[in-house]
Each structure stands twice: as structure tokens, then as C-alpha cells.
Amino acid sequence: MAELRTRKRQRSLTTKSLNSYNAAGTSSSSQRNSPVVDGSAGRFVVGSIVRISMENFLTYSTAVVYPGPNLNVILGANGTGKSSIVCAICLGLAGKTTVLGRGDKVGLFVKRGCEKGFIEIELYKNDGKLVIKREIHVENNQSVWMLNGRHSSQRAVEDEVKALHIQVSNLCQFLPQEKVGEFAKMSKTDLLEATEKSVGPPEMYEYHCELKNFRRKERELENVVEDKGNFLERARQRNERNKLDVNHYYEKKRHLDMIELLEKKKPWLEYETARKELEGVKKEREEAKKRLFVLKQAQALLLKKVQAIDNQLKPTEKQINAKTAAIREASEKCKQEQDQLDQKNKEIEDIKQDLRLKQMEEEDHQKRISNTKRIIDDLKAELANLSDQPDLVPLIDALSAELRSNQTARAQVAGERADLQRERDNFIAESRMLAERLSKMNNMLSAKEEKLKGRHKDSHTAIQWLRQNRHIFSGNVYEPMMLVINVKDHQYAKYVENHIAFQDLRAFVFQRQDDREKFMTEVRDRMSLKVNSILAPVESCSNRLPSRPIESLRRFGFFSYLRELFDAPDEVMSYLCHQYRVHDIPVGTSQTKDMIKTVIEEPYIKILYTANERYTVKKSLYSNKISSSNSAIHPSKYLIITVDTEEKRRVEQQMNACKVRLTDINERLGALQQQAAMLERQDNELREKKKRLSEMRGKKRQLEQKIQTKQDSLRLMEQGGIDLKNIEEQAKAKISAVNSQKLAVVMEFISQIKLRAKLSMEKVCLALETVGLTAEKTKLYNDYREGTTELKAMEQTHSQLEQRKSQLVMTCKSLLKRANEICNIDPGATVAAELHTALKKLPDTLDAIDAMLNEERSRADCFTGLSENVIEEYNQREQEIKNLEKELEDKRNALNAHRQNIAEAKERWLDPLKELVEQINEKFSEFFRSMQCAGEVDLHSENEEEYDKYGIRIRVQFHSSTKLHELTPHHQSGGERSVSTMLYLMALQEINRCPFRVVDEINQGMDPVNERRVFDIVVRTACKDTTSQYFFITPKLLQKLNYADEMTILSVHNGLYMFLPVDWNEETFIRRFKEKAMHVSTHLV
């Protein structure tokens, strides 16, 4: 059942109605003619929609809609078929299915179960109506088109629609429900083109496209001019280099001619040099031959003198050898006598040493006797003093008793310390174990944070900023929900995560609105981060009671409400209860799945979870019929990491208790340590006193024993003395006997010394004689050796000169032959006069010739790769450069002419466009000012010459604390984007070039205040006589809105118990409504 009711306000609200009914495959429609479109009642602009007929289209079996010429509000609950009318307008006017965003095949728009359907749209024209009919076939997904009852092609329909300035693909004219969000995503360039097509003059968009093509061609011409200019410059540079090559070619030829002349003179200079060298070698050979003869005679004379000196030295050397042997023998005897003297001296020293030892031993003996006597006297004096002291036994016994008592106390303290240390060790071990458990829990929280960072890095960056700046906020601020929500059991995480949208899971939760604005200004406006934020309800909803106790649902397999499956801070839980009603969402098991038909019949259950599925239950307001939909539960990705908060809180409490207990134990251990130290000091003092008394008690007995021992030792020492005088007499006698033996040895030693001195003097005299002869022999031998060396050198020089002479003779012959060959001179002939003159101008030395040759060759080698072709190429390129210069001049002239065309086209396009944008800006700004907000529309371009970069920029300001911000899909909220989109479309509405506009459910994201303001603006703007037709589709309207007589309200209903179109009586309906209102007012009175 579907019903469309049309209400048109003039002076009072009158009603036109059209009902469509579909039951058991039958259909009918009211027999009504289209409304009058001319005369006083007709204010339709050309291209406006007069009638829309549908059959077997989406939700309709048969339906006819008669919209008004101004604002048409299509009102109806969700699912009744409002958007089906929008789809009919789009597809009936040759629009693409992609414009609607509902499917890619047109056959999907035919009512389910039917093989075909049709749409018929009647458009207003001054010269008569235009009826477009589209019949859609499901089987082949094809359409049959008709224009005014005649078959036509889709292309002809598109041309007719385009001629009426209807653009269903332009979001500025046709904004279906699925495309509302894309308007804010349009780029500035796309928005400009859509605006030009929608409200600009017909030629404006054509001028824009023409300008973009002109600019594209201009860039091509600029590139051509630049390329040809670069090519010409390179050609000039190459020719300049070639010109230089030509000069180099001639210069190289001059160098090569000079090299040839130098190479001709060089062999003549080499021959002359060799000839001169030969003459010099001949002279040197003769002089060497004479010098060799003189040296040989001198060497023979020196050899005779050396032999004569050798004959004189032989007898003298024999005498020196004999004297040397005698001196060696005398020296040996002197050494033997010296050894005997050393032995006798050692014997005397040993006797004296023995005597000294005996004397020292006797002296030490006497000292020991004296010391022993003194010790005996001291011990006797000390023994006399000890005889006067009292009895020490009672004192020692008292100290022993006190020591035993002190040791007992120390043992008790040590036991207490050991007990406390064991207890402390146990607490330390327990504290470490608790710390490890707490660390594991914190690591799990860090893992959740890392998952958030991987999915949404901006949220993680905002978390870091919040942790550093939490002090600037007045109320509670919570990090994203997924970090503060803790599921009690990981198997329940999938229910919580599937129920809460990810945009909210990553949203920050604020207790105060001012904290939220401060946070968003910082992270969104200044740091440009894409984050979500949520304001918790003013009154806490975290403790709301469910619609019915969970015990009443356990028979269906429900074990808990969703709220009981997780923990969260109060503000977060309050928001989830308010927004997602987690306190009233039951969670069941597979038993619930088995009983699902019974479960969905239960009252108050709208959403429920089974083991693996989510069910949504809806109840029709008209028929009370219950429908349900289910979807699979996706595995948890973020909340599966769970931490038992109660367990964590208990572990933290146990850790704090351990710390307190450890502090107490350490304090008690410190006190026991001090007590043990005090007892130990007392014990040491008592032991020291007892030791002194014990020592005093045993000291008397010890003294008596020491005195007796010392006296016995003294008697033994006095009996054990030696006869020192007798020992001294014996030592003197032994020394006298050794001295007598020593005297005989000394006499023999002196005689041997004298003999050795005599022999040494005789040897010195012979040696002096030998030295003179040896010196003369050495001088003669050195002279002979030097002469021999000189003789060998001279013989070698003579031989070399002889060889050099032969070589030079051959060289001269060869060089002369080569010089004749190079100069092309026959043997025996003379050099030509011209060549002789040229060679004479050149240097006369080989070094100068070689230097000049190297210089000329180096200069010639600098000119590599040169040939006679260089000159030919140079002339050809000169002609090419002239041709290129002419082509470049032509291209530049063409570019200048094209730029002149661009300037004229720009003036035709840009000035009207600026006026158009200014008109839009005036209306747009006026609408925003009426809402106590600010908004601007301007023409934006980064480069005035890049016409494809021009765009329309929309900037809005909804809060006084913020600045104007460009409208983007991310910066503004959904409601703010909807308001901005609606007001921009209304600003276009007054310019009125397109015949109608369609906006589908754009008010759904607005808050009530903005929705009321926007509706007032729409009514005021769309109901003017100068504006075109406007379709405003919405599922609801606020109460007490302002309406205009020019409005047409199309109420769409759908249900099983509606009247058939033939049974509907509009007058009866109005009469009954008035009677009911009167009855209510009477009852109130």
C-alpha cells in the first residue's frame, strides 16, 4: 500500500490527493488530470516538472505525483517511498544509475516480482507540454524511450533535457540521499563547474572549457617555441664550434707543414753532430794510447822497491816474535806469584775474622747476663706489689653471671631479627610477583594503544598531546573509548565492539563542553589532526535500569545485558547508555538463536545478540507488524585484549599493603639492629673486664715461675764463658807465620816484573825499526795500487774509444743516407737552394729542433678529429639556422595571436563569473548572518592563467570562538556540512537558471535549531515568484515551523490498512479532523 497526498497552501490550506494502492497484485490510480500550468494559476518555469507517473517502480505499483511550481516538501517515514520519487525523476530524465548510488543496473529499480515498469514525466514548456516516458525491462536490463507518445532514442531524450537546462548529474541541481555526503567532498574545481552548469549563462561553461582548451594549446605553443628556440640556440652554438674547427683546421695544416720541414732538417743536424763527435773520439783515442804506455813503466819501478823493503823486514820480525814469547812467559810467572800473595792475604783476613767473631760472641754473652739480672729484679718488684691486692674470684663470678644474661638477651634479639628478615624476604618475593602481574596487565593496555596507532595514527598523536597537557582541562577527559573500555571476559569483546561504532571507539570523551572545544581547537585546528570527540550527558545515565530484569529473559538463553560485560569510567558508560542503550541490550547464547521467533515477539526488545549474530527488531506504527533483520558478528580486533580491572585494583592494593608492611618490618629491623649493637657493646665491655681480672689473678703465679726460670738461665750463662786472651795470642802467632811466607813470594814477584820490563823495552826498539820500513812499504804499495787502478781505467777507456770510433763511423754513414732519403736527394748530389734556404732559417741545434718539433706536434695534436668535411658542414648549418630563425618567428607570432584570443575569452568568461560568484556570496553570507553564523563564497585560483585550477571556495564559521574555515569532509561536523550545503543550494536557487532542484534528506544531520533556521530560509527563498521549482525530501519536520501559501506538501504513507484511492474522500477527512479538534478543546474547557 502506498499513498501520496498533495497539500497546497494558498490563503487557507487546501488539499489535493492521489493514492496508490497495491494488494494481491492489483493496482489502481485516481483519475485526475494534470494541474493547470498557464494563466493565473500557473507559475511553472520552462522545464519544471508538472507530473510524475510511476508503475511497478521500486515500492510503487501505480502512482501519480502533481508537484507545485515552487517549494515541494515530500514528507514521509523511512521506507515509505520518498526517495523512489527522486529515483523516478533522475531515471525518467535520462540520468545514470550512478547518480543515485543505489545500483549499477536500471533493472534493479523495477518492483520486485515484476518483469517491467515505467516512469512518465511531464515537463512544462511555453509551446506545449513535453512528456518523457521510460519503460524498463528487467530481463535484458534495457529501456524503451518515448517523447510525447512517440518512440525515441535515449540520445534524443538527453538532448531535450539538456535544452531545458536540466542536469540530474549536477550535485548543485540534483542531490539524492546517497550523494549528500559527496557534496562537501567536491573539489573547488568540480564545485565551480557544477555551479556554472547550474546557474550560469549557457555560454559560461562553454567559455570556461574553451579557455581551458586555449590554455592547453598555449602551453603546447609555448613548448614548441621553447623547443625551437633551444634547438636554434644549440644549432648556433654548434656552428660557432664548427667555425672554430675550420680555423683550427687551417692552423693545424700550418703546424703539420712546419713539422715536415723540421723533420727534414733534423737528420742533417744528427749527421753533423755524429761527424763532429767522431773527430773528437779519434783525438781522445790517441791521447789515451800515450798515457797507457807511461803508466805501465811507472808500475814496474814501484814493484821493485816494494820487494827490496820486504827483504829488510823478515829478520827483524823474527826477533820481535822471540821477544814476545819471552814477555808472555814472564807475565805468566808474575800472575802465579800474585795469586800466591792474594792467597796469603786471604788467610790473614780469615784469622782476623775468627778473632772478631769470638770477641763479639763474648760481648753478647755478657749483655745477656746483664739483661737477665735486670729482668729478675723487675719481676721481684712486681711480685712484691701484687701481694697487697684483694681476692678477685667474687668479682670474676659476678661478671660471668652478667655475661650469661647478656648473651641470653642477644640470642633473643637475633631470633627476632631472623624472623623479621624471613618475613621481609617473603613480602619482597610477593611484591615482585605482584609487580610482574601488574606489568603484564599494563603491557596488554599498551598493546591496545599500539593497535589504535596502527589503525588511526592521528588519534594516537592526540593521546600523546593530551597526556602532556591534561592539566589545562577543568573536567574529566578520557582517552579514546577503546583504551578505557575493559571487557570482563575476552569472549564478550565481539558483542561490545560490534555494537559501538569505530568512530566512537576512537573518540575522546569530555565531561565539559568548554574542555571539548579547547581540545578540538588545539588538535584539529592547529595540529590538523582528524580526531573525534564526544560530550558525556550532563546527567549520568550509567545507572539506568533496563526495561525488564535479566531474570525474566533467562528462559530464552539471555545471560546478561551488554553493560554488565565490560567496565568503563562513569562518563563513558553514561554516554554508551544514552547513545547505544547498552543497559537495555540483552546478550544470549545459541539457545536464543533456536528460540529467535519467540524472542522477537517479546516487548521492549529492539536489539539483541545471540552467540554469533545481531538481531534488530522493528515494529510498524501502522500495522504493529514485527520485522527483524540479522547480521553476523565480526570477530573483535581491539577490545579482545582484556584486563580484569578488579583484579588489577586488587593487585595494586596488595602491592601497597606489601610496601606498608615492608616499611614497618624495616623500621623494626632497624630498632633490633640498634638493640643488638648495644648488647654487643655491653658484652665486649664485660668480657674485657673479666679478662683483666683473670689476668690479674694468674699474674702472681706467672711472676714466680718467670723469676725461677730466669735465675736458672743466669746460672747456665755464667758457667758457659770463653778464654778471650788465649784466643788472641793464638791468632797473632798464625798471622806472623803467614807473613813470613808472604815475604818470599813478594821477592820472586819483583824479579819477574823487572825481567818483563827489560824484554818489553827491547821489543819496542825492534818495533820502531819495523814501523819505519812498513810505512815506506805501505806508501809504495798504495802508489802501486793507485797506478794499477789508473792503468786499468785507461785500458778500458782506450778500448771504449776504439769501439765508439767504429760505431760513429757506421752512424755517420747511416745518418747521411737517411738525410738524403728524407730530402729526396740522390747520393753525391747537393741540397736544393730553396730547401737549403728554408732549412737555414730553422734552429741549428738538435735540442732546439726537438723542442720546436714537440711544440708543433702538441699544437697539431690539439686539433683532433678535423677533416675537410668540417668546412662543408659549417656552410650547411648556416643555411639551417636561417630557416630555423624564420620558423621560430612564425611560431612566436602565432603564440602572441593565441594569447590575444585567450585574453578576449578570459574577459568574456571571468567578468560574468565574478559577478555570479559575488551574487552567490551575497545570498550565502546573508543566509549565514540570519543564523548568527558567518559564511563566504569566493572564486579561488592559485594562478590566474591556469583556468583548469579555478574553483569556488566555501568558508564557514559556526562558532564565535573559531575563524572562517574552508568547507571540507573532515573539519566540520555532519550537521554543519549539511547546513552549509543547503544554504549554498538556496543561494543558487534565487539565481534561477535550472528549472528545478532536488535535495533528499539533507536535514537529517542538523540539530533542531539549525534545522528550523534552514527550513525558514528554504521557505522564504523557494516560495518567491522569481525562483524555480524546488523538491525538499525529509522523513520528518519540526513542530511549529513557518509555512507559506506557495508551498506544496506531498505526504507519502505506506501500510496494509490504508484506503483504496476510490474510497478516499478529502472533504470527509478534513471534517472529521475539525470535529476531533473541537471535541478536544471542549474537553479541556
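**Entry 1. Terms and ground rules**

I count a salt bridge when a side-chain nitrogen of Lys or Arg lies within 4 Å of a carboxyl oxygen of Asp or Glu. I am working on a predicted model, in which local features need pLDDT of at least 70, side-chain atom pairs count only at pLDDT 80 or more, and totals for chains, interfaces and linings use all residues. Residues are numbered from 1 along each chain as its sequence is written, and side-chain values use heavy atoms, with hydrogens and water left out.

**Entry 2. Salt bridges**

I looked up arginine 661 and found its side chain in a salt bridge with that of aspartate 664, at 3.0 Å from N to O. Both residues belong to helix 16, and because they are three residues apart there, about one helical turn separates them. I take helices (H or I, at least four residues) and strands (E, at least two) as DSSP runs, numbered from the N terminus.

Which other residue forms a salt bridge with arginine 661? I found glutamate 423, with the closest N and O atoms 2.5 Å apart. This pair links distant parts of the chain, since arginine 661 is in helix 16 (residues 645–719) and glutamate 423 in helix 7 (residues 393–455), 238 residues apart.

I then checked accessibility, where buried means under 20% relative accessible area, exposed over 50%, and partly exposed in between (1.4 Å probe, protein chains only). Arginine 661 counts as partly exposed because its relative accessibility is 26%. Glutamate 423, at 24%, counts as partly exposed, and aspartate 664, at 29%, counts as partly exposed too.

Next I noted a salt bridge between the side chains of lysine 593 and glutamate 613, at 2.9 Å from N to O. Here lysine 593 is in helix 14 (residues 590–594) and glutamate 613 in strand 20 (residues 613–619), 20 residues apart. Lysine 593 has 36% relative accessibility, so it counts as partly exposed.

How many salt bridges does a search of the whole structure find? The search finds 23. Side chains of opposite charge can pair when their charged atoms come close.

**Entry 3. Nonpolar cores**

I use "nonpolar core" for a set of buried Ala, Val, Leu, Ile, Met, Phe, Trp, Tyr and Cys residues joined through side-chain atoms within 4.5 Å. The largest one has 52 residues, and those with the most contacts inside it include Leu71, Trp909 and Phe924. Among the elements that each supply at least two residues of this core are helix 5 (188–199), helix 6 (202–386) and strand 23 (951–957). Helix 20 gives the most, with eleven residues. Another core lies apart from it and has 48 residues, among them Val477, Leu483, Val509 and Val523.

**Entry 4. A sheet**

I count two strands as paired if DSSP finds at least two bridges between them. An open sheet of three strands has the order 22-23-24, with antiparallel pairing. Its edge strands are strand 22 (934–940) and strand 24 (965–966), each pairing on one side only. Strand 23 and strand 24 pair in the antiparallel sense over two bridges. Which residue in strand 24 does arginine 955 stand opposite? I found glutamate 966.

**Entry 5. Arginine 997**

I located arginine 997 in strand 25 (residues 996–1000). Is arginine 997 buried or exposed? Arginine 997 is buried, because its relative accessible area is 1%.

**Entry 6. Aromatic pairs**

I count rings of Phe, Tyr and Trp (its six-membered ring) as a pair if their centres lie within 6.5 Å; planes under 30 degrees apart count as stacked, over 60 as edge-to-face and the rest as tilted. A search of the whole structure finds 15 aromatic pairs. Phenylalanine 510 and phenylalanine 519 form a tilted pair, 5.1 Å centre to centre with 50° between the planes. Both of these residues, phenylalanine 510 and phenylalanine 519, are buried.

Phenylalanine 1015 and phenylalanine 1032 form an edge-to-face pair, 6.1 Å centre to centre with 70° between the planes. Phenylalanine 1015 lies in helix 22 and phenylalanine 1032 in strand 26, so the pair ties together parts that are 17 residues apart in sequence.
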